[in-house]
Amino acid sequence: LSLRRPRPMCLRDRKSLDIITEIAKKVLPHKHITCHTFRRSYATILHNEHKVSIMVIRDLLGHADIKTT
């Protein structure tokens, strides 16, 4: 069991971001999908569908302040 904080969700890896963007364009050609859209959707699903605490989501996203989550 690790007591370290989880690494924040990040899409700085250019290849990963390119793959996600390519898939999004095929599935939703009329929408502009960004890294921010992906992060926001991830957080929303965790909170609404899986009842994950907003404090846990804040840590996963790497936010220092709950107000930015």
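Visitor: Where is K51 found, between which helices?

Guide: K51 is in the loop between α2 (35-50) and α3 (54-61). Keep in mind that this is a predicted model.

Visitor: Why does K51 count as exposed?

Guide: Its relative accessibility is 66%. Exposed means over 50%. K51 therefore counts as exposed.

Visitor: Which residues make up the largest nonpolar core?

Guide: Six residues do: A43, L46, V52, I57, L60 and L61. α2 and α3 are the elements that give two or more residues to this core. The most comes from α3, with three residues.

Visitor: What makes this set a nonpolar core?

Guide: Two tests. Each member must be buried, meaning under 20% relative accessible area. The members must also be joined through side-chain atoms within 4.5 Å. A43, L46, V52, I57, L60 and L61 make up such a core.

Visitor: What is V52 in contact with, leaving aside its neighbours within four places in sequence?

Guide: V52 is in contact with L46, H47 and I57. L46 and I57 belong to the largest nonpolar core. H47 lines the largest pocket.

Visitor: How much space lies in that largest pocket?

Guide: About 180 Å³. The lining includes H36, R39, R40, I54 and T69. α2 provides the largest share, six residues.

Visitor: How do the lining residues divide into nonpolar, polar and charged?

Guide: Four are nonpolar, six polar and two charged. Arg counts as charged, so R39 and R40 fall in that class.

Notes:
Residues numbered from 1 in each chain as written. Predicted model: local features only at pLDDT ≥ 70, side-chain atom pairs only at ≥ 80, totals over all residues. Heavy atoms only, no water. Helix = DSSP H or I, 4+ residues; strand = E, 2+ residues; numbered from the N terminus. Buried < 20%, exposed > 50% of the residue type's maximum accessible area, 1.4 Å probe, protein only. Contact = heavy atoms within 4.5 Å. 1 Å grid on protein atoms, 1.4 Å probe; cavity = no way out; pocket = protein on both sides within 12 Å on 5 of 7 lines; lining within 4 Å. Points joined across faces, edges and corners; volume = space filled by probe spheres on them.
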